[in-house]
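Hi,

Here is the structure we talked about. Please look it over first, then read my notes below.

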Amino acid sequence: MRFRRSLSRRLRRAAAAALCAVLPLGLFGCGTAASSEAAQQALDPVDMEDASFVLSAPTDPEAATLQNVGATIAFVADAAGLETGLDASVWRGVQNFAATFGYTAQSYQAEADTDEARETALRRAAESGAAVVVCSGQEMAVAVHAIQGNYPTVGYLLLEGEPHSADYTSYETASNTHCVLFSEEQAGYLAGYAAVMEGYTALGFVGADSMPETVRYCTGMIQGAEAAAEQEGEQVRFEVWYVGSPDASDAVTARMGSWYTDGVQAIAVCGGQLLDSCLTAAQDNGGRVINLGWDATALNDAVLTSGVLNGSVIAQQQLYAYFTGGWGENAGKTQTVTASEAAVSLPMSVWKFQNFSREAYRQLYGDLAEGVVRVERYSDTATLPETPNVAVDIEN
């Protein structure tokens with residue numbers, strides 16, 4: 001399949017503004033529609049870091065004017081807080097957007113890891129007078145499902161989730177809500193391809209659960225490993241384990257340690273505190289770790305790279321779109337963002353690869369953004385990509 005850009009005209013301008021903000025000055029103008037398209041096509045991930053990204057307004061004279069300047073943008077975090085993970089990235093994007101364009105950023109946090117506590121935090125944010133409430137993740141999706149209709153004048157931006165009941169039997173997105181899903185499979189693809197090109201031929205994947213988004217990281221990584229293995233004429237071993245819990249534990253550490261002693265060279269980890277267990281096992285056994293979802297590359301020498309969801313980049317693009325006319329055609333709908341919108345990446349500020357160069361990564365990313373490289377979106381454990389060069393063993 002070929003990924004198709006799903007941005008509306010207004011969102012395209014916001015995306016183009018995002019790319020203009022990070023591309024070298026003087027490369028080309030970023031004002032006209034034609035140059036906006038060129039900006040998307042010339043995306044240079046080497047110069048783009050989610051951690052430092054700040055959106056710039058488009059200079060196009062036809063661009064819509066920002067509305068309700070000075071209004072409050074509320075971000076509601078889960079009980080885990082704002083230190084790491086997607087919440088930290090999205091909150092940084094909210095703050096950067098507010099500071100750049102004259103809005104006010106305010107954060108709220110659920111006081112406990114319960115649906116009731118998340119609902120309470122979302123209600124506090126809506127009742128504070130915020131113009132838009134931003135949150136992320138499947139747990140927050142349950143809370144948004146419960147309250148979105150109670151505050152019809154408040155805009156909701158839900159990233160990496162769609163409003164649903166706790167038992168997943170009911171999905172409903174109100175007209176004041178817009179959902180954005182990331183292409184986890186592309187983040188996984190980048191990590192898997194890079195790992196094999198670096199020379200690793202025995203890989204592992206550990207996920208907190210077998211939910212669709214976790215499976216997409218895994219199957220994307222398998223596809224990336226397959227592409228690199230075919231190119232290099234290698235055979236790759238790929239171990240998979242869906243733990244069923246996000247908690248770090250001695251049992252998880254022991255199992256990861258057994259993988260390393262059995263020849264696995266690098267283990268990708270996705271979800272909760274599993275990174276802590278994997279890092280302990282890697283340090284004890286001289287292995288490498290790949291974190292998926294957020295950037296942990298600088299956290300520890302054992303972390304080779306991270307397949308990152310660029311929450312700050314996307315939050316800024318989406319807020320720009322909201323304040324130039326509301327959700328418009330995206331009201332009550334879900335949008336999936338990809339490399340075409342700079343939604344995923346490997347972090348470049350800390351580059352630990354010795355054999356896989358930045359230049360090779362730049363070429364890969366450009367091909368992914370333009371659809372030259374195609375990544376299938378598998379969301380269940382029963383369906384796997386065909387990988388004649390990668391032997392996959394799911395241990396559940």
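Is R118 buried or exposed? R118 is buried, with a relative accessible area of 4%. Buried means under 20% relative accessible area, exposed means over 50%, and partly exposed lies in between (1.4 Å probe, protein chains only).

Some ground rules. This is a predicted model, in which local features need pLDDT of at least 70, side-chain atom pairs count only at pLDDT 80 or more, and totals for chains, interfaces and linings use all residues. Residues are numbered from 1 along each chain as its sequence is written, and side-chain values use heavy atoms, with hydrogens and water left out.

**Salt bridges**

Side chains of opposite charge can pair when their charged atoms come close. The whole structure holds eleven salt bridges. The criterion is a side-chain nitrogen of Lys or Arg within 4 Å of a carboxyl oxygen of Asp or Glu.

R118 pairs with D115 at 3.2 Å, N to O. The two are three residues apart in helix α4 (residues 115-127), about one helical turn. Helices (H or I, at least four residues) and strands (E, at least two) are DSSP runs, numbered from the N terminus. D115 is partly exposed, at 29% relative accessible area. D115 and R118 also belong to a salt-bridge network with D78 and D113.

R92 and D50 meet at 3.0 Å, N to O. R92 sits in helix α3 (residues 85-101) and D50 in the loop between α2 (33-41) and β1 (72-77), so this pair ties together parts 42 residues apart in sequence. R92 is partly exposed at 25%. D50 is buried at 6%.

R237 and D262 form another salt bridge, with their closest N and O atoms 2.8 Å apart. R237 lies in strand β7 and D262 in the loop between α8 and β8, so parts 25 residues apart in sequence are tied together. R237 is partly exposed, at 24%.

**Helix α8**

Helix α8 covers residues 250-261. Its twelve residues should span 16 Å at 1.5 Å a residue, and the end C-alpha atoms are 16 Å apart, which agrees. The expected span is 1.5 Å times one less than the number of residues. The buried residues of α8 are V252, T253, M256, G257, W259 and Y260. Seen down the axis, they fall within an arc of 155 degrees, so they line one face of the helix. That arc is taken from the directions from the helix axis to the C-beta atoms. D250, A251 and T261 are exposed on the other side of α8. Cover for the buried residues includes β6 (202-207), β7 (236-242) and β8 (266-270). After α8 comes G263, with a positive phi near 110 degrees.

**Strand β4**

Five of the five residues of β4 are buried. G155, L157 and L159 point one way, Y156 and L158 the other. β4 runs parallel to β3 (residues 132-136), joined by five bridges. It also pairs in the parallel sense with β5 (residues 177-182), over four bridges. Pairing requires at least two DSSP bridges between the strands. L158 stands opposite C135 and opposite C179 in β5.

Q148 lies in the loop between α5 (138-147) and β4 (155-159). Q148 is buried, at 3% relative accessibility. Setting aside residues up to four places away in sequence, Q148 touches residues including Y156, P163 and E172. Contact means heavy atoms within 4.5 Å.

Best wishes
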